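These are my notebook entries on a single chain, written while I looked things up in the model. Each entry covers one topic.

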Amino acid sequence: MATANSTESDLGQTVVVPAAGNERAAHNAGHKPVAVVAGSEADFSHETNNILRDRLRQASLILFCGYLAFLIKAFVAPSKNFMEGNSFYIVMLAGVTAIMGLVAWRLCSKCHYFLGHLRGVEYLVFGSSAVLFVTFGYTTLLYTAGQGYLVPLTPPWLILIFTYALFIPNNWRRAAVIMTIMAVCPLLTILVAWGSSEKVADLIENTSDFHHVFLETVMAMAFGTAVAISGVRLIRTLRTQAFEAQQLGQYKLKRLLGRGGMGEVYLAEHLMLKRPCAIKLIRPEKAGDPATLARFEQEVQSTAKLTHWNTVEIYDFGRTDDGTFYYVMEYLPGMSLDQIVDMHGPLPASRIIHLLAQTCDALAEAHAHGMVHRDIKPANIFAAKRGGAYDVAKLLDFGLVRSVHQENDLHLTQDGMVTGSPLYMSPEQARGDDVDARSDIYALGCVAYFLLTGRPPFNETRPIKLVLAHVQDIAERPSTLRADVPADLESIILRCLEKSPDDRFANVLALRDALMECQDAGDWNRDAALEWWQCHGCPKKRELDTCISQGIEMRPESSDAHEVSSAELMKA
Ligand SMILES: Nc1ncnc2c1ncn2[C@@H]1O[C@H](COP(=O)(O)OP(=O)(O)OP(=O)(O)O)[C@@H](O)[C@H]1O
């Protein structure tokens, strides 16, 4: 929930804010000044990394507590154990404890990390523990050999192996390799001590003790590792089964695509048609909220009325026995416009014209039906691959659609509050006045501004200030932020951003015509789009289509999405 200190990312989300000049009404009505009712957050790749991040935090926290307990004991109640009087051991234990504490503290639960970084942290956590145990084991062997006996080194290694198996999401082969390396460490430690210490060698060669210690270590490590690998397999199988059980009627859920304010969006497949689709669902716990449900129904019913190919297509709408509402829409392989700008920066004028002209076409149909979208923002416009072409614009999320003739719907509006995305909200919407198609034209102007400059027209950090800025302030000219802004496109954007709807384009088709008359119109075509996706879509040179449809390496936080897919879904 956003507060007065909303982060910038909140501002692009759909929220309820008091209408400009109506903040008091919101307070008087007992509302918090800003209540987020919707927000886009993570996509699947986020989720993949998030599980590993959370598990690493938990594992390092547990290891931190364990090591700290031994450290404190060494100071507070040192035993006759030689280790507790050994400053090298203490320093090393303190160092590894600090690493664990640092990892648990620095891996923030809300940040997104690349998979490679997290794997690095994984190696740091378990690698530093392994170094500690090797050093500890080696020194212990030398000491006990001096006393005339040898001890098994297995207990700490078994703890480390089981911690790894339990916490780190993995496929069993990778887990087996890493845990086998851990299992071999105590055996190597014994062999190294044998080769380097005369006392150990003497003991090993002249007593039967060694055979027992070595054999017991081999057996314990082999047994422990086998159990741990079986555990990893079992955990993974259970997750897979739970995932496969996640079926919605005729649809099989495949992976989480992202989360919005109302619920989750999954990539799914129709069981009979084998057609990929995207399923948006509201969980039963959220379906109890009349406003959420009303917005969900509005979204699906409004979208279903539209047939333009630049509007996302709805296939189905339903409710499961457990009360989960869902609707099924066409799956859009590609990226939303905010993801493209986040990853690759502002777009060339020709591409902006190409994408916005298509969005105008989609909106023209909605406006012809008397619908105003009211939530136009870069996150709601997709550049998708459809019919073999790239950069096909698709308009989504008609959850705030309003008929120009519609009276206030009590489920969707609250007195003195306006709903929408503060970064892209027209002045009349911000004031809570009646809106018509020209409100969407204003929002399209904001989107074009964002695509051209990489930032929205107003950059306030608080929703209420943003709303006021749309009403009162004049946005900086895009050409002051970027050198190569074509004059014709800039004047179109500034006309869209006029405060008075009368000063904007009369309708989206007029806006489309103006865009098509720009000097850069037509420069971005099928081939340019294909080339862009080939260059930017798949840095790892995977097949372009697979890459786009899987969302792999296409989003900032993307990663090896398949490795722990079941885990993601379980968590989600
Ligand atoms: N048809 C689709 N095909 C592919 N991905 C989709 C599709 N619909 C939504 N998504 C992805 O799912 C994520 C969540 O979408 P959703 O519409 O729930 O949230 P949002 O639009 O970001 O938030 P909100 O609607 O609350 O403002 C989005 O980030 C989007 O990338």
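I looked up residues 59-76 and found 100% helix and 0% strand, with the end C-alpha atoms 26 Å apart. Residues 214-235 are also 100% helix and 0% strand, and there the end C-alpha atoms are 31 Å apart. Helices (H or I, at least four residues) and strands (E, at least two) are DSSP runs, numbered from the N terminus. The unreviewed UniProt entry lists residues 59-76, 88-108, 120-143, 149-168, 175-194 and 214-235 under "transmembrane region". UniProt positions follow the numbering used here, feature names are shortened, and annotations may be inferred rather than shown by experiment.

I note that this is a predicted model: local features need pLDDT of at least 70, side-chain atom pairs count only at pLDDT 80 or more, and totals for chains, interfaces and linings use all residues. Residues are numbered from 1 along each chain as its sequence is written.

Next entry: Lys-280. The unreviewed UniProt entry covers Lys-280 with the annotation "binding site". I find Lys-280 in strand 6 (residues 276-282). Lys-280 counts as buried because it has 25 C-beta neighbours inside 10 Å. The cut-offs are 20 or more other C-beta atoms within 10 Å for buried, 12 or fewer for exposed, and partly exposed in between, with C-beta atoms placed from the backbone. Leaving out residues up to four places away in sequence, Lys-280 touches Gly-263, Val-265, Tyr-326, Tyr-327 and Met-329. A contact means C-beta atoms, placed from the backbone, within 7 Å.

I find an open sheet of 3 strands in the order 9-11-12, with antiparallel pairing. Strand 9 (334-336) and strand 12 (389-395) are at the edges with a single partner strand each, so one side of each has no neighbour in the sheet. The twist averages 25° from one strand to the next. Strands pair if DSSP finds at least two bridges between them; strand 11 (residues 381-386) and strand 12 have 5 bridges in the antiparallel sense. Arg-386 stands opposite Ala-389, and Ala-384 stands opposite Val-392. The hairpin of strand 11 and strand 12 has 2 residues between the strands, and Gly-387 there takes a positive phi near 55°.

I then checked what lies on the sheet. Helix 12 (residues 337-344) lies across strand 9 and strand 11, at about 95° to strand 9. Helix 13 (residues 349-368) touches strand 11 and strand 12, and its direction makes about 40° with that of strand 12. Axes are lines fitted to C-alpha atoms, for helices over the stretch in contact, and angles run from 0 to 180 degrees between N-to-C directions.

How much of strand 12 is buried? I get 6 of its 7 residues, so strand 12 is largely enclosed by the rest of the structure. Asp-391 lies in strand 12 and has a positive phi near 60°.

Last entry: nonpolar cores, meaning sets of buried Ala, Val, Leu, Ile, Met, Phe, Trp, Tyr and Cys residues joined through C-beta atoms within 7 Å. The largest has 83 residues, and Ile-279, Val-447, Ala-448 and Cys-496 have the most contacts inside it. Helix 15 (residues 437-453) gives the most to this core, with 12 residues. Domain 2 (250-331 + 554-562) and domain 3 (334-537) both give residues, so this core lies between them; the bounds come from an automatic or database domain assignment. A second, separate core of 35 residues includes Leu-56, Tyr-89, Leu-118 and Phe-167.

Technical notes: Contact = placed C-beta atoms within 7 Å.
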